[in-house]
Structures are given as structure tokens and as C-alpha cells.
Amino acid sequence: MSTTTEVLTQAEERMKKTIALLQKEFHTVRTGRANPALLDRVEVEYYGTPTPLKSLANISTPDGRSLLIQPYDKGVLKEIEQGIHKSGLGLTPNNDGAVIRINIPTPTEERRKEMAKVVKKYGEEARIALRNIRRDGADDLKKLKGSQISEDELKRQEESLQKLTDKYVKDVDKHVHDKEAEVMEV
């Protein structure tokens, strides 16, 4: 059976992972700048198997507005191109037979607003995850009541858990605000 300290430590670890996941999801949100992480979710049909693009090619940013994809196997250029089209990112790959270049256009006002909505959605999902972690932690603490901790100690630990949750929710809000500002800048 776990102790109250273990319950709080476990909850905090899960909350840290939620923040890390949120930041990873934000990397896939398209802004006006080129970022190799934009292509993290792109899967390419490679010998009949869906394979992540980043394991088939080197992706770099020669300047702030374009991506350069250098496949390890030149025979997979067409499949990479198709994978990028299917990804729904709205990017147009230019295949020159050796590498693929993608110019990242400056997003329109409408597109930036759409991306801001996506950022808010990711933020809300992270807040929900944090609340679920808090609920799980509170349930674990209640299981300890009577056998290991008193009613007063339970209340104190639940308050600690709430403070921890508030801290991470504030962190999510800051990340969402920063990413929204980045998305909305021209």
C-alpha cells in the first residue's frame, strides 16, 4: 500500500508528463516559421508499412521559411511526397529528384485563427488530464483514510494535491497563451 507522499509524487510525475505532451503537441501546430517538428506526425507508406517520416529522412530548416527533407533512400521520395499530402498539414512538397523542399507560407488571418483554436483545444485537453490526475490522486488518498491517515490529514493532503493541480493548470495556461501569441504573430 502506498503512502500519502507516494500518491502526491506519482500525481506530480503524471502532471509533468501531461505538460511535456502538451509541448510536444504544440510543436506540430503550424506557425509561420519552419520547424522540423511540424512533420513529426507524418507517416509514409514504406514497403507496405506506415513509417514515421523522421525515421526515413533527415529534416532540416535551411532558413526560417522552408524545410528540407533528405531521404536516406532516394527511392522513397514519391511516398514521402504522398505522406505529406495525406497529413492534412496543408503543405506543398517540391520534389527535385534528390530532396524535397517545403516552403512554409505565411498563414492567412483565418488560418492563424484556426491554429489558435487548435492550441486552445490542446490546452483544454491538458487541463482535463490534470483534473483527472487530481481525481485519481484524491481517490488514492481516500483509500488510505482510516487505515493509514486521519480525516484531518486527508484534508491536508487533498489541499496539497489541489495546490499541485493549480500550479500545473497555471503552467498549461501560460504555455497556451505563449503559443497563441506565436501563432497569431504575422
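**Salt bridges and overall form of the predicted model**

The structure holds 18 salt bridges. The model is a predicted one. Side chains of opposite charge can pair when their charged atoms come close.

One of the bridges joins arginine 14 to aspartate 136, with the closest N and O atoms 3.2 Å apart. This pair links distant parts of the chain. Arginine 14 lies in helix H1 (residues 4–27), aspartate 136 in helix H3 (residues 109–144), and 122 residues separate them. Arginine 14 is partly exposed, at 36% relative accessibility. Aspartate 136 is also partly exposed, at 25%.

A second bridge pairs glutamate 109 with arginine 112, at 2.7 Å between the closest N and O atoms. Both residues sit in helix H3, 3 residues apart, and so are separated by about one helical turn. Glutamate 109 is partly exposed, with a relative accessible area of 41%, whereas arginine 112 is buried, at 6%.

Aspartate 173 and arginine 127 meet at 2.6 Å, N to O. Here helix H4 (residues 151–184) supplies the aspartate and helix H3 the arginine, 46 residues apart. Aspartate 173 is partly exposed, at 34%; arginine 127 is buried, at 16%.

Across the protein chain, 33 side chains are positive and 32 negative. The centres of the two sets lie 2 Å apart.

The fold comprises 4 helices and 6 strands, in the order α-β-β-β-β-α-β-β-α-α from the N terminus. The C-alpha atoms fill a box of roughly 70 × 40 × 25 Å along the principal axes. Buried residues account for 39% of the chain.

Note on methods. Residues numbered from 1 in each chain as written. Predicted model: local features only at pLDDT ≥ 70, side-chain atom pairs only at ≥ 80, totals over all residues. Heavy atoms only, no water. Helix = DSSP H or I, 4+ residues; strand = E, 2+ residues; numbered from the N terminus. Buried < 20%, exposed > 50% of the residue type's maximum accessible area, 1.4 Å probe, protein only. Lys, Arg positive; Asp, Glu negative; His and termini not counted. Charge placed at Lys NZ, Arg CZ, Asp CG, Glu CD. Salt bridge = Lys/Arg side-chain N within 4 Å of Asp/Glu carboxyl O.
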